[in-house]
Each structure stands twice: as structure tokens, then as C-alpha cells.
Amino acid sequence: MLWIVKFSGFFSALIALVVLSPSLQSLHPAEAIRSSQLDGFLKQQNHHHQPQQMSADSIDRFSFRKSSNFSNADECGGRIWGGVCDPSLVHVAITLDVEYLRGSVAAVHSILQHSMCPESVFFHFLVSDTSLETLVRSTFPQLKFKVYYFDPEIVRSLISTSVRQALEQPLNYARNYLAELLEPCVKRVIYLDSDLIVVDDVAKLWRTNLAGKTIGAPEYCHAIFTKYFTARFWSSPRFSKTFSGRKPCYFNTGVMVMDLVEWRRFEYTKQIEKWMEIQRNERIYELGSLPPFLLIFAGNLAPIEHRWNQHGLGGDNVKGSCRDLHSGPVSLLHWSGSGKPWLRLDAKKACPLDSIWAPYDLYQHTL
């Protein structure tokens, strides 16, 4: 757990105390296999594209130190590995791509380091480039994980222009298809963005009581909700009535606990695709993959403590724009926004909180 204490003044002092789980030493051998279910899913979508692979030059851009081995504490009890359908597992889904690979690796490293039972955490990696599996395996040789190829063509025709080009990347939309991509036996999953670190036991987030809701996430009801949609949306009764009977609040889709049974039952993937089709024709929002989630779930989700998504830390590091944290306990730090800690650290223009991300970075710089 991370506690942040702030002091007023021109320069704010940051005191960060990271309390680690008991020393963790070794994992069972990894059992990383590619999804067989995905082939059927792609055929249903009438897409027959072959998985993409990076060139050798692209692969050579990355070199990561091998992670330490982490094993379950005594409190976890001994278990025989029962595969991806083992009911004792904590399921975490993260995307992997070239641009954010360094962040994804740091996120995984942070989760393992702070988990009481790291051998019980199973990672589902969504990729549009299958070569990245090799890099994950070499960095975390004993990790339990599975790689799922996500064909960009599934969503390319649905994506509309956004305020930032990075928000238009097809892999940003892979979270919409988790219920189809993951095995039917996976009933719940934690979805995490690639630009964050977890400084608490992820099993605590996993045990979130969704109280019958399909997703859980921290809500931010002080945010001006109307700004997430265009004037065209709010002036049209056809669209604005979407929130009738609800008290919608903003939530960030970079940290979500998802009930995949309920998601499949109500076919939310199709509902999201319908809103994306409307967006293409009507231009009802500006922000990439977030608004469809707000349209469907805002005011109808299980609220989670804010400690699990201290987001917005990726504010540009021009004068005065480095972000700070709210006082109190913090379990997850999220560099959402255009500024990423690895880029700012490399440029020697780091914000104060970027130094908290740095210890989880396994990237090896080449001379």
C-alpha cells in the first residue's frame, strides 16, 4: 500500500512509503498458450487476417531485465496448478503493443511484487502482434499467462477520429471483446491499462463486490459529465434520454472489474458497437473508446474506492502541469493522459511522481 502526504507551498514535498508483501521467491513454470477459442471468434466476425508480427529490427528495440521470481506466501496455501479455468486464479487482462510495451511490463512487475499470492495471478495479454509473446516469456519466464491475438480489422471500420491519434489505435478497443476472447470458464477479469502500476495486493481489487452490476470502477462525480459528449448529443432528445433514470458519473475505463457472465448475457459488445456506428454518422463524442462505456454503464456500475485509480498523472510536464495525488491511501497510480513516465524519465524531464514508477521498470537501455 502506498500512502501519499502532501504539503502546500511552491514545491510540494512527497513522502511515499511502499509496504511490500512478504518476500516472494519462485513461480511454477509458465504455461503460456495461444487462444484456440479466438479462431472461432474471428471467423464469426468474418475476418480471416493472419496475426501480425514485428520485424526483427522492431524486436531489437526492446531489451528487458529478467524479473525476479515471486512465489506465494504461506498464507496462500499449496495448490496444484489447474490451468486457466482454475477457480482460485485472479484474472488480469492487459494489452501489449510496441508503443506501450515498457509500461505493460512495469505494470505486470508491480502486480507480482505486491501480490500475496502471485502464483494465483493469471495474465491475459491482448496483442495485435504475436511476436511480443517472446519478449514477455523472456522477461517473466515463470509467469502464468496466455496471449490472445486481436485482429485490428474487427474495429477499424468502427473507429472515428478522436482528439488524440493515440486514442484511435484499434488495440484500445480490445477490452470491448474480452467476453468473447477469454475462455467461457473465466467469469471475472480485472482490466488494466498499460500506463499504471499497482502498489497493493491486486487480490483485494479482485474481491470487489459488484452487487449484481456488470462492471466496477472508481467513480468521479465531481467531473463535469456533459463535457464527454458533444452539443449535438445533448440537444437531441434521441440521445440525451439515454441517461434518463440514472445519475451518471465519469469513470476511467483503464481500471475495471468486469463480470464476464453478465457481459455475455446482455451482449454488451454489440451494444458498444452500435454506439460506435452512431458516432461514425452523428459525431456525438470526441474521446475514443471511453464514451460508449459511459453511455452504457455510467450511473449503473459498482463504485470502487478511488485508491484503485489515481488517474490523470500523465499531464504534460510543462511548467505547473505535473499532477499530484490526493492525500490518503493509494493502491494504483495511473499515468493516463499524454505524458508517460518512461518518456519523461528518458528525456530527464520527469515529474515527481514518475520516480515512483521507475523501480518497476525492467527496460535495459542500450548504449
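## Close-up views of a predicted model

View 1. The side chains of Arg102 and Asp361 meet in a salt bridge, with 2.8 Å from N to O; a salt bridge here is a side-chain nitrogen of Lys or Arg within 4 Å of a carboxyl oxygen of Asp or Glu. Because Arg102 lies in helix H3 (residues 101–114) and Asp361 in the segment after helix H14 (354–357), the pair ties together parts that are 259 residues apart in sequence. Helices (H or I, at least four residues) and strands (E, at least two) are DSSP runs, numbered from the N terminus. Both Arg102 and Asp361 are buried, where buried means under 20% relative accessible area, exposed over 50%, and partly exposed in between (1.4 Å probe, protein chains only). Arg102, Asp346 and Asp361 are linked in a network of salt bridges. This is a predicted model, in which local features need pLDDT of at least 70 and side-chain atom pairs count only at pLDDT 80 or more, while totals for chains, interfaces and linings use all residues. Residues are numbered from 1 along each chain as its sequence is written, and side-chain values use heavy atoms, with hydrogens and water left out.

View 2. The structure holds 15 salt bridges, among them one in which the side chains of Lys204 and Asp200 meet at 3.0 Å, N to O. Lys204 is partly exposed, with a relative accessible area of 39%, whereas Asp200 counts as buried at 5% relative accessibility. Another salt bridge joins the side chains of Arg307 and Glu305 at 3.7 Å, N to O, and Arg307 is buried with a relative accessible area of 16%. Lys340 has its place in the loop between strand S14 (332–334) and helix H13 (341–346), and is buried with a relative accessible area of 5%. Not counting residues up to four places away in sequence, Lys340 touches Tyr100, Asp195 and Trp335, contact being heavy atoms within 4.5 Å.

View 3. Seven strands form an open sheet in the order S5-S4-S3-S6-S11-S8-S12, with mixed pairing; two strands pair if DSSP finds at least two bridges between them. The edge strands, each pairing on one side only, are S5 (145–149) and S12 (302–303). Strands S8 (residues 215–217) and S11 (residues 255–259) pair in the antiparallel sense over two bridges, and the bridge partner of Gly216 in S11 is Val257. Helix H3 packs on the sheet, touching S3, S4 and S6, and its direction makes about 165 degrees with that of S3. Helix H4 (residues 132–139) also packs on the sheet, where it touches S3, S4 and S5, and its direction makes about 170 degrees with that of S5. For these angles, axes are lines fitted to C-alpha atoms, for helices over the stretch in contact, and angles run from 0 to 180 degrees between N-to-C directions.

View 4. Strand S3 (residues 90–96) is mostly covered, with seven of its seven residues buried. Val90, Val92, Ile94 and Leu96 are buried on one side of S3, and His91, Ala93 and Thr95 on the other. S3 runs parallel to strand S4 (residues 121–127), to which seven bridges join it, and Thr95 has Leu126 as its bridge partner in S4. From S3 the chain crosses through H3 to S4 in a right-handed β-α-β crossover; right-handed means that, with the strands pointing away from the viewer, the path from the first strand over the helix to the second runs clockwise. S3 also runs parallel to strand S6 (residues 188–192), here over two bridges, and in S6 Ile190 stands opposite Val92, while Tyr191 stands opposite Ala93. Four of the five residues of S6 are buried, so S6 is largely enclosed by the rest of the structure. S6 and S11 pair in the antiparallel sense over five bridges, with Leu192 opposite Val255 in S11.

**View 5. Two nonpolar cores.** The largest nonpolar core has 53 residues, and those with the most contacts inside it include Leu178, Phe229 and Trp263. Helix H12 (residues 290–297) gives the most to this core, with six residues. A nonpolar core is a set of buried Ala, Val, Leu, Ile, Met, Phe, Trp, Tyr and Cys residues joined through side-chain atoms within 4.5 Å. Leaving aside neighbours within four places in sequence, Leu178 is in contact with Ala93, Leu126, Val189, Tyr191, Met258 and Leu260.
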